[in-house]
Amino acid sequence: MALTQQRKQELISGYQVHETDTGSADVQIAMLTDRINRLSQHLQANKKDHSSRRGLLKMIGQRKRLLAYIQAGSQEKYKAIIGRLGIRG
């Protein structure tokens with residue numbers, strides 16, 4: 001399920017680094033996390049939807065790479081973003 005324009009704007013305004021930021025790693029991770037959460041709920045109801053499961057795994061891999069990029073730059077920023085999003089315990 002795609003993000004609505006309103007939800008996308010909420011995520012961008014909540015995670016942007018500066019006022020014109022729409023594509024930083026923080027924003028991308030927030031959008032991916034929202035899509036992953038929605039797709040996980042879909043897959044709990046539709047267990048045999050294997051094509052959506054493949055898409056979910058691709059999104060999880062992309063988020064993992066973006067988180068590794070942030071972690072390499074700043075450990076504090078990494079901990080802050082995973083804490084805000086509630087991922088990785």
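Predicted model: local features only at pLDDT ≥ 70, side-chain atom pairs only at ≥ 80, totals over all residues.
Two packed helices are described by the angle between their axes and the distance between the axes. For helix H2 (residues 25-45) and helix H4 (residues 75-85), the angle is about 25° and the axes lie 11 Å apart. Angles under 35 degrees count as roughly parallel, and H2 and H4 are therefore roughly parallel to each other. Their crossing is right-handed. On the H2 side the contact is made by Asp26, Ile29, Ala30 and Thr33, which meet Lys77, Ile81 and Leu85 of H4. By type, the residues of this contact are 4 nonpolar, 1 polar and 2 charged.

The largest nonpolar core has 23 residues, and the members that touch the most others are Ile29, Leu67, Ile81 and Leu85. Two or more residues each come from helix H1 (5-15), H2, helix H3 (50-73) and H4. H2 gives the most, with 9 residues. In soluble globular proteins, nonpolar side chains tend to be buried together. Leu67 shows what such a position touches: beyond its neighbours within four places in sequence, Leu67 is in contact with Ile29, Tyr78, Ile81, Ile82, Ile87 and Arg88.

Ala25 is found in helix H2. Its relative accessibility is 15%, and because buried means under 20%, Ala25 counts as buried. Leaving out residues up to four places away in sequence, Ala25 touches Leu66, Tyr69 and Ile70. Ala2 is 23 residues from Ala25 in sequence, and their C-alpha atoms are 19 Å apart in space.

Conventions
Residues numbered from 1 in each chain as written. Heavy atoms only, no water. Axes fitted to C-alpha atoms, helices over the stretch in contact; angles between N-to-C directions. Helix = DSSP H or I, 4+ residues; strand = E, 2+ residues; numbered from the N terminus. Parallel < 35°, antiparallel > 145°, perpendicular 65-115°, else oblique. Left-handed = near helix turned anticlockwise from the far one by under 90°. Contact = heavy atoms within 4.5 Å. Nonpolar A, V, L, I, M, F, W, Y, C, P; charged D, E, K, R; others polar. Core = buried A, V, L, I, M, F, W, Y, C linked by side-chain atoms within 4.5 Å. Buried < 20%, exposed > 50% of the residue type's maximum accessible area, 1.4 Å probe, protein only.
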